[in-house]
Amino acid sequence: MALTEETVQDKLEVIKPFNYIQVRTATIIKKDGVEINRSFHRHVVAPDISADALANESAEVRALAAQFHTDEVKTAYAAHLAEIAT
């Protein structure tokens, strides 16, 4: 009886209006090659993510951030955060 665990990012979504990147990671447990359990974890990458934090994300997430977290989006997001903070 061999138990194995595999972790994969199985869903990436870009959510408007600020192009949040939602990352779903699946943890898959298999017994003798047959899946017996799957659980999920989600996290969100916002346009104001630091370069250090972004470096810890997968290549796919970094590519989406480069494409969707434009200077225009970052500026609009910063203005939105400032507005809701007041």
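Predicted model: local features only at pLDDT ≥ 70, side-chain atom pairs only at ≥ 80, totals over all residues.
**Notebook: salt bridges, sheet and core**

I started with the charged pairs, and the structure holds 4 salt bridges. I count a salt bridge when a side-chain nitrogen of Lys or Arg is within 4 Å of a carboxyl oxygen of Asp or Glu. Residues are numbered from 1 along each chain as its sequence is written, and side-chain values use heavy atoms, with hydrogens and water left out.

**Entry: the sheet**

I looked up the strands next. Strands here are DSSP runs of E with at least two residues, helices are runs of H or I with at least four, and both are numbered from the N terminus. Three strands make an open sheet in the order β1-β2-β3, and the pairing is antiparallel. I take two strands as paired if DSSP finds at least two bridges between them. β1 (3–15) and β3 (34–45) are the edge strands, each pairing on one side only. On average, neighbouring strands are turned by 20° against each other, direction ignored. For such angles, axes are lines fitted to C-alpha atoms (for helices over the stretch in contact), and the angles run from 0 to 180 degrees between N-to-C directions.

α2 packs on this sheet and touches β1, β2 and β3. The direction of α2 makes about 5° with that of β1.

I then went along the β1 and β2 pairing, which is antiparallel over 12 bridges. Two of the partners I noted: Lys11 has Arg24 in β2 as its bridge partner, and Ile15 has Tyr20 in β2.

Which side chain does Lys30 meet in a salt bridge? The partner is Glu6, at 3.8 Å from N to O. Lys30 lies in β2 and Glu6 in β1, so this pair ties together parts that are 24 residues apart in sequence. I checked exposure too, where buried means under 20% relative accessible area, exposed means over 50%, and partly exposed is in between (1.4 Å probe, protein chains only). Lys30 is partly exposed at 25%, and Glu6 is also partly exposed, at 34%.

Arg24 turned up again, with its side chain meeting that of Asp10 in a salt bridge at 2.7 Å, N to O. This one links distant parts of the chain, with Arg24 in β2 and Asp10 in β1, 14 residues apart. Arg24 counts as buried at 16% relative accessibility, while Asp10 is partly exposed at 30%.

The next one I looked up joins Arg42 and Glu13, at 3.9 Å from N to O. Arg42 is in β3 and Glu13 in β1, so parts 29 residues apart in sequence are tied together. Arg42 is partly exposed with a relative accessible area of 42%, and Glu13 is partly exposed with 28%.

β1 and β2 form a hairpin with 4 residues between them. I found a cis peptide bond joining Lys16 and Pro17, with omega about 5°. Pro17 lies in the loop between β1 and β2. Asn19 is in the loop between β1 and β2 as well, and its phi is near 55°, a positive value in a residue other than glycine.

Asp32 has a positive phi too, about 50°, although it is not a glycine. I located Asp32 in the loop between β2 and β3. Buried or exposed: which is Asn19, and which is Asp32? Asn19 is buried, with a relative accessible area of 5%, whereas Asp32 is exposed, at 52%.

**Entry: the nonpolar core**

I finished with the nonpolar core, meaning a set of buried Ala, Val, Leu, Ile, Met, Phe, Trp, Tyr and Cys residues joined through side-chain atoms within 4.5 Å. The largest has 6 residues, namely Ile21, Val23, Val45, Val61, Leu64 and Ala65. Both β2 (20–31) and α2 (59–68) supply at least two residues of this core. α2 gives the most, with 3 residues. As a general point, nonpolar side chains tend to be buried together in soluble globular proteins.

What does Leu64 touch, not counting residues up to four places away in sequence? I got Leu12, Val14, Ile21 and His69.

Notes
Contact = heavy atoms within 4.5 Å.
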